[in-house]
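Colleague: I would like to go through the labels used for this model and hear what each one rests on.
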Amino acid sequence: MAALWIAHVTVTDADAYGKYAELAGPAIAAHGGEFIARAARYVQLEGKERPRNVVARFPSVEAAVECYNSPAYQQALDHARGASERELVVVEITE
């Protein structure tokens, strides 16, 4: 079943995070990920507000986790560490 990769992010260093975003996109695409929402309009109803919210659709939970653990994504993530506060979850879509 398909899965959603959902990230909630507060960017603390725009330059470093920009490098993350530049590298993360191709890594995500290489694992079948497709962005369906990225830094778009949102309404925070509960919990900690993060001004950047990203949702990508993957073919499966396994594909999303493989992407996260891939060398290409980990290289991108090195730029996000220390440049952002973030939460990331992968959720299987029940259709």
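Modeller: W5 and Y73 are both buried. Keep in mind that the model is predicted.

Colleague: Why is W5 called buried?
Modeller: Its relative accessibility is 2%. Buried means under 20%, so W5 counts as buried.

Colleague: What makes the pair of W5 and Y73 edge-to-face?
Modeller: The ring centres lie 5.2 Å apart, and a pair needs centres within 6.5 Å. The planes stand at 85 degrees; over 60 counts as edge-to-face, so the pair takes that name.

Colleague: Which parts of the chain does this pair tie together?
Modeller: W5 belongs to strand β1 and Y73 to helix α3 (residues 71-80), so the parts joined are 68 residues apart in sequence.

Colleague: How many aromatic pairs does the structure hold?
Modeller: There are 6. One of them, W5 with Y68, has 6.4 Å centre to centre and 55 degrees between the planes. Stacked needs under 30 degrees and edge-to-face over 60, so this pair is tilted. Y68 sits in helix α2 (residues 61-69), 63 residues from W5.

Colleague: Why is Y68 called partly exposed?
Modeller: Y68 has 29% relative accessibility. Buried would require under 20% and exposed over 50%, so Y68 counts as partly exposed.

Colleague: Which residues do the ring pairs link into a cluster?
Modeller: W5, Y17, Y20, F58, Y68 and Y73.

Colleague: How do you know that β1 and β3 pair?
Modeller: Pairing takes at least two bridges, and these strands have 7, in the antiparallel sense. H8 is opposite N53 in β3.

How values were computed:
Residues are numbered from 1 along each chain as its sequence is written. This is a predicted model: local features need pLDDT of at least 70, side-chain atom pairs count only at pLDDT 80 or more; totals for chains, interfaces and linings use all residues. Side-chain values use heavy atoms; hydrogens and water are left out. Helices (H or I, at least four residues) and strands (E, at least two) are DSSP runs, numbered from the N terminus. Buried means under 20% relative accessible area, exposed over 50%, partly exposed in between (1.4 Å probe, protein chains only).
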